[in-house]
Amino acid sequence: MNFFMWLLLLLLSAGWIYLFLTVNELKKRVIRIEKQMKPQAEPAEASQPAAKPEKPMPGQPVAAKPGIPVPDKPSVPVQSVPKKEAKAKKPSRPKRNRKEWEYLIGGRWLNRIGAVALVIGLVFFVKYAFDYHWVNEIVRVLMGGAFGILLLAGGRHYYRKQLPIFAQGLIGAGTATLYASVYAAFDFYHFLSFGMAILLMSLVTMLALWQALVYDSLAISLLGWIGAFITLPVLGADPGNQVGLFTYLVFVALGMVLISLKKRNWTILYHLTLYAIYVCCFALMTSSSHSWHLLYLTAFWLIFYLYELAVARKPGVWPAAHLVTASFNAFFMLLGLLILPLHHAVWTGEKVYLFSVAYLLPLAWLKWKRREREFSKTERNRYGFTFLFLVTLAGMIKWNGLALANVWTIESFVLVWLALREKVKQAFYFGTALYGIAALLLLGWTAEILSLHHWIPVWNRETFSYFLWAGMVTFQACQIRKSRTPGWEPWFEIFYTGSAIMLFFWLSIEINIYFDRSARTGFWELNRYFVLYMIWALYSLLVHETGLRQRVRVLVPVSWGMMFLALVSVAVWGMADQPLSSFVPVFNMRFLAFLVEIGCVILMLWRGRKAEPLPSLKWAPVLLLGALLVLLFEIVTLEVGGTSDYFAPAFGDYTRAQWYKGFFISLSWIGYSLLCVWLGRSFRQKLILFFAWGSLGLGVLSVMFQGLFLPARINWMPVINIRFAALFISAACLYLYQSKGKALEAKRIWVLLARILLVVLLFELITVEISGIFAHRLWELNTGNPVLQHQIENQKQLALSISWIFYSLLLMLTGIWRKWAWLRWSAISLFGLSILKIFLFDLSSIETLYRIVSFMALGVILLAVSYLYQRYRERF
């Protein structure tokens, strides 16, 4: 068996060499004949009569004959033809006439059908002869072989008779007959061994391909291709002798590729051979895997790779079919490299790296020789993309985790650097995408860092990886900026942004891991997020300053976003409850975090006041300023509330302390509104003034609400108490705001609301103070005598009625004196309220004496108001 295999390989080698020499000889003969034909063609062209001059078209100048003047004629305007119509249409393929169709059907189609019919008829004849035992088995095979050779000889004869199509039919039938004869001798009659059968099959294949080249017939070559690949499954190849089978496939692939190179219009042989070779290869590899399989796989890939290089260097457009098939060649080789390590897992990443170099070498050679035009742009892109994909995949096979992220970062740096140097956009985009993948890998590696036993803050592998990524990206951002390549300007801003964001993530991850691994409790565990948010604010300020100094406009809004995130985070976390035992007014981590963030925002807004923001982000500083104002409001509220809780034990009464806390918080809101007024007028910011009005309204409403429900049992003195102070301060601020409405850029509705609140607040102040006096008296007496209680209630209602009347009178007098119509209308409204109370409530509830006093006081004051309206009419 081994003897026949080696004999087969020897004959195959000799056959392919003979085939190659024959083709070269034919090529030389054709060139020699063309050179001999050229001298004969030139005299024939010279002997042709001179062409008659063409008749000029209308509007076209007539060429002047020698010696004959041509009179001038008025020029005829010629209409301009649109460019689209002026373009010449592509010549359409001429249609076949009646004779051509007759020749095609009768000369070619009938020839092919006749050859097939002849083969079928002979098959039936031979079967009939075999069934009736006219001849024995050996004679049958010899008859088939002789008949096949006879058909080949007939094809050669008719080819010389200038009947090539008929000759091709006979040759195809003869080749098929020879294949059938060898198969019958091996499978039906069993007097040929496997080695001898495959040897004869190979000889028939070589004969068919040689005949195809001689007679220039693609059909015969396809028949030879079928015979070459059907030999193994038909003859039942022995999987145990894989060396011989793979060697046979190598010779088949080499022969088919050589034929495809010689006959450029027979490229279908290349496509069919590539897919068939790899199918056979992987089918044999799945049955049993050996280390030497990689050698044959590399040989197959190299044969087709060299064919791709040879075809790509020749002029012409690279068809889509070649592009797809060449890509599959690389894919099948890569698939083999990945499958084989399942049994022999050694140096897989290095093999893929070495494999990728093969696709870089042609590009490097073209660049070195300055012959880029020899390859089409599509073909160069395919080689480049294949190289980049293989290099990226090799890194993923060889490394993982942070090491892989570092490798991809370095690959991206080299790739982008070369792309900027050579102005290759495709490589630049691939490198940028690889930067993004490496960044995602870095972010995903954080969870595994917690499992490391030896981890030192900052001085660790994670920090190195993040700074490596950020440093390379920043360097290449500067490189892009200096290159000033048209169309690439936005990319340097994108690179700067990516670097800033990655360092932001590194800071966050590093701080969280530090607190998680150190397992700190108590003070630092409760305040870890305040530390994180302070670092966010400081880092955002650094990014903002870098953007201003380096004139990278995109870093300014990026820093705004980081600062806004820090403000929102510290505001949310600041509202969480903190143990009172660890709280010290002002000197606490929350206050420090708020103070740091407020300072960073102020510095950022001050430094960025002259910066030219992006047109689409002009609203961002306003949003940041609003977040700052909200943060100030929150820190004032939290610190005042926390301080009240801190000093609550000094009051000795928890309820009293809570009421004081509420009033203090409301007054702090009013004080905050005054601060906003000062800031808004100083910096001429309407947003700050808007917050001032809002904070004032919230504080006043809160004071009014709490003032209505203050318990009487709390230590209380008329006028000298927290409620009176809060209401009085609120009224003073309302008066200030409504009087300075224009200066505060307030709308009319705001001023009107402030005036209404002022009148109502003073009304509440008078009411609750008088009610408080009598309620506190009842609480001190603590008596159950209903007569005494009824007497005190009558006194209370009388005092309220008289105080409301005098308050209304005071408002009226002030309105007349200052000529304030709104105040006079407020007085009239309160007069109406007093009248309703006296007529509806006092008339039925209080005693006669108190009733008399109420009505008399009401009558006198109303008459006095009427007199004032009549006396000072001109002041209204």
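Q: How many helices and strands does the protein have?
A: It has 31 helices and zero strands. Keep in mind that this is a predicted model.

Q: And what share of the residues count as buried?
A: Of the protein's 876 residues, 43% are buried.

Q: What about contacts between residues at least 6 apart in sequence: what share join residues at least 24 apart?
A: That share is 74%.

Q: OK, the core. Which residues of the largest nonpolar core touch the most other members?
A: Tyr 278, Phe 300, Phe 304, Phe 355 and Tyr 359. The core holds 198 residues.

Q: Which helix gives the largest share of this core?
A: Helix α18, residues 489-518. It supplies 13 residues.

Q: Back to Tyr 278. What is it in contact with, leaving aside neighbours within four places in sequence?
A: Leu 297, Phe 300, Trp 301, Phe 304, Asn 329 and Phe 332. Two of those partners, Phe 300 and Phe 304, were on the core list too.

Q: Asn 329 and Phe 332: buried or exposed?
A: Both are buried, and both sit in α11. Other buried residues of that helix include His 322, Thr 325, Ala 326, Met 333 and Leu 337.

Q: How far does α11 reach from its first C-alpha to its last?
A: It reaches 28 Å, close to the 28 Å expected at 1.5 Å a residue.

Q: Next, Tyr 270. Where is its place?
A: In helix α9, residues 267-287.

Q: Why does Tyr 270 count as buried?
A: Because its relative accessible area is 0%, and buried means under 20%.

Q: What does Tyr 270 touch, not counting residues up to four places away?
A: Ser 260, Phe 304, Tyr 307, Glu 308, His 322, Thr 325 and Ala 326. Of these, His 322, Thr 325 and Ala 326 are buried residues of α11.

Q: What separates the C-alpha atoms of Tyr 270 and Tyr 307?
A: A distance of 8.7 Å. Along the chain they are 37 residues apart.

Q: Switching to charges. How many salt bridges does the structure hold?
A: Ten. In general, side chains of opposite charge can pair when their charged atoms come close.

Q: Which residue forms a salt bridge with Arg 590?
A: Glu 639. The closest N and O atoms are 3.9 Å apart. The pair links distant parts of the chain. Arg 590 is in helix α22 (residues 589-607) and Glu 639 in helix α23 (residues 620-646), 49 residues apart.

Q: Is that pair buried or exposed?
A: Buried. Arg 590 counts as such at 6% relative accessibility, and Glu 639 has a relative accessible area of 8%.

Q: Which residues do salt bridges that share partners join into one network?
A: Glu 308, Glu 379 and Arg 382. Glu 308 also turned up among the residues that Tyr 270 touches.

Q: And Arg 549, which side chain does it meet in a salt bridge?
A: That of Glu 545, at 3.1 Å from N to O. Both lie in helix α20, residues 528-549. They are four residues apart, about one turn of the helix. Arg 549 is exposed, with a relative accessible area of 63%.

Q: What about Arg 421 and its salt bridge?
A: Its partner is Glu 422, with the closest N and O atoms 3.8 Å apart. Arg 421 is exposed at 56% relative accessibility. Glu 422 is partly exposed at 35%.

Q: Now the largest pocket. What is its volume?
A: About 1,000 Å³.

Q: Which lining residues lie nearest its centre?
A: Leu 360, Leu 363, Glu 422, Val 424 and Ala 427. They belong to a lining of 28 residues. So Glu 422 is both a salt-bridge partner of Arg 421 and, at 35% relative accessibility, partly exposed.

Q: Which helices each supply at least two residues of the lining?
A: α12 (348-369), α13 (377-398), α14 (401-422) and α15 (425-444). The largest share, nine residues, comes from α13.

Q: Last topic, backbone. What phi does Lys 423 have?
A: A positive one, about 60°, although it is not a glycine. Lys 423 lies in the loop between α14 and α15. It counts as partly exposed at 48% relative accessibility.

Q: And where does Arg 551 lie?
A: In the loop between α20 and α21 (555-574). Arg 551 is exposed, with a relative accessible area of 68%.

Notes. Residues are numbered from 1 along each chain as its sequence is written. This is a predicted model: local features need pLDDT of at least 70, side-chain atom pairs count only at pLDDT 80 or more; totals for chains, interfaces and linings use all residues. Side-chain values use heavy atoms; hydrogens and water are left out. The expected span of a helix is 1.5 Å times one less than its number of residues. Buried means under 20% relative accessible area, exposed over 50%, partly exposed in between (1.4 Å probe, protein chains only). A nonpolar core is a set of buried Ala, Val, Leu, Ile, Met, Phe, Trp, Tyr and Cys residues joined through side-chain atoms within 4.5 Å. Contact means heavy atoms within 4.5 Å. A salt bridge is a side-chain nitrogen of Lys or Arg within 4 Å of a carboxyl oxygen of Asp or Glu. On a 1 Å grid over the protein atoms alone, a cavity is a set of points where a 1.4 Å probe fits but cannot get out, and a pocket is an open set with protein on both sides within 12 Å along at least five of seven lines; lining residues have an atom within 4 Å of a point. Grid points are joined across faces, edges and corners, and a volume is the space filled by probe spheres set on the points.
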